[in-house]
Amino acid sequence: MPVGDWSKKLAAYRQPKAGRSVLEIVVTAGPLAALWGAAWALHAHGWWWAALVLTIPASLFLVRLFLIQHDCGHGSFFSEKRANDWVGRLISVLTLTPYDYWRQTHAIHHATSGNLDRRELGAIEMLTVEEYRALPPIRRLGYRLYRHPLVMFGLGPAFVFFLMNRLPIGMMRSGWRPWVSVMGNTVAAVVGLAALVALFGAAPVLTVNLLTMLFAATIGVWLFYIQHQFEGAQWTRNGVWKRDAAALAGSSHYDLPPLLRWFTANIGIHHVHHLSARIPFYRLPAVLEDHPELRSMSRVGLLESFRCARLALWDEKSGRLVSFREARAA
């Protein structure tokens, strides 16, 4: 099937089902609240180690809640824009991701993904081999540190969600709306946290919620990384770049086990999501069932995905992502 035909083919899957969307919120937010409540109670009674164990499943539910916010940002979770926006804003207080600001930067990501001439907001920074070699030594060191797995998936998630999301980076001069989104999210999160501390105590709430957020942030950054930085990913320049072709060749099908697929709200079917972002996540598996030719496109398995963490540069000569070692050898 020609690449350009996919948008028309997938139009039939775009209509959300209100009952199903509400159910997805209930089965995600309900267990998260229960896990947090149990963890706070365990911590308050001295069972701190059990409380820490519960932060692991809690972080998975928080990731899923963020992905519901993600669908709201695309206008795909409910038919009504107001419903999408207000559900997204409420969830954003828990995910520490300012909804309206993030929605704008994420739209830029969808409009530019895979385009070497438009590496803009909402994407992980990536240099070409030639760009990296042209940097002065101190900036090369900075980029190498930035792309190191311990920074990218260790320090990076905390930096993004706790610090970067407190300012409308890239949109500071774009009017008052990005500032209202970011500042409103921060104020709401602080007020909510203060209320929980008053009810359940500082130590249980701060320990449990901080760890849950850190685990969830790390999972989220990893998912975003592997969606566009994988063996076989394609990047092109202006004049060659086409949206649908970039979606299929530059976004992965992260083929996860069923349980992880559920917790990550099918976001692994990312090539289809980039083809048609208005498809609710719970309808993405039906696309693969009805169009099996999409299953093998840009497929990355769970175990093989960990090898992709070494990829750091785009080699325009070979047309592939390479590691620092491969770039040096070339």
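A salt bridge here is a side-chain nitrogen of Lys or Arg within 4 Å of a carboxyl oxygen of Asp or Glu. The model is predicted, so local features need pLDDT of at least 70 and side-chain atom pairs count only at pLDDT 80 or more, while totals for chains, interfaces and linings use all residues. Residues are numbered from 1 along each chain as its sequence is written, and side-chain values use heavy atoms, with hydrogens and water left out.

**Whole chain**

Start with everything shown as a C-alpha trace. Along its principal axes the trace spans about 60 × 50 × 45 Å. The radius of gyration, taken over C-alpha atoms, is compared with a globule rule of 2.2 Å times the number of residues to the power 0.38. For 330 residues a compact globule would be near 20 Å, and the protein has 20 Å, which agrees.

Switch to cartoon. The protein has 16 helices and 5 strands; these are DSSP runs numbered from the N terminus, helices being H or I with at least four residues and strands E with at least two.

Colour by burial next. Buried means under 20% relative accessible area, exposed over 50%, and partly exposed in between (1.4 Å probe, protein chains only). Buried residues make up 46% of the 330. A contact means heavy atoms within 4.5 Å. Of the contacts with a separation of 6 or more, 70% are between residues 24 or more positions apart.

Now show the surface. Accessible areas come from the Shrake-Rupley method with a 1.4 Å probe, and for residues only the protein chains shown count as cover. The protein exposes about 16000 Å², and carbon and sulfur atoms supply 67% of that area.

**Stop 1**

Select Trp47, Trp48, Trp49 and Val53. They form a nonpolar patch on the surface, with about 500 Å² of accessible area together. Patches are made of residues with over 30% relative accessible area and no salt bridge; like charges are joined within 9 Å, and nonpolar side chains (Val, Leu, Ile, Met, Phe, Trp, Tyr) within 5 Å. Tryptophan 48 belongs to helix H3, residues 48-73.

**Stop 2: two pairs within helices**

Side chains of opposite charge can pair when their charged atoms come close. Select lysine 81 and aspartate 85, whose closest N and O atoms are 2.5 Å apart in a salt bridge. Both sit in helix H4 (residues 81-95), 4 residues apart, about one turn of the helix.

Move to helix H5 (residues 99-112), which contains both aspartate 100 and arginine 103, 3 residues apart, about one turn of the helix. Their salt bridge has its closest N and O atoms 3.1 Å apart. Arginine 103 is partly exposed, with 25% relative accessible area; aspartate 100 is buried, with 16%.

**Stop 3: the open sheet**

Select residues 127-128, 313-315 and 320-322, which are strands E1, E4 and E5. The 3 strands form an open sheet in the order E1-E4-E5, with mixed pairing. Strands E1 and E5 stand at the edges with a single partner strand each, so one side of each has no neighbour in the sheet. Two strands pair if DSSP finds at least two bridges between them; E4 and E5 have 3, in the antiparallel sense. One to display is aspartate 315, whose bridge partner in E5 is arginine 320.

**Stop 4: a link to the E4-E5 loop**

Select arginine 237 and glutamate 316, whose side chains meet in a salt bridge (2.8 Å, N to O). The pair links distant parts of the chain, 79 residues apart: arginine 237 is in the loop between helix H10 (202-228) and helix H11 (243-250), and glutamate 316 is in the loop between E4 and E5. Arginine 237 is partly exposed at 27% relative accessibility, and glutamate 316 is partly exposed at 35%.

**Stop 5: two positive phi angles**

Select asparagine 266, in the loop between helix H12 (258-263) and helix H13 (270-275). Although not a glycine, asparagine 266 has a positive phi of about 60°. Asparagine 266 counts as buried, at 10% relative accessibility.

Finish at serine 298, in the loop between helix H14 (284-290) and strand E3 (299-301). Serine 298 is not a glycine either, and its phi is positive at about 50°. Its relative accessible area is 18%, so serine 298 is buried.
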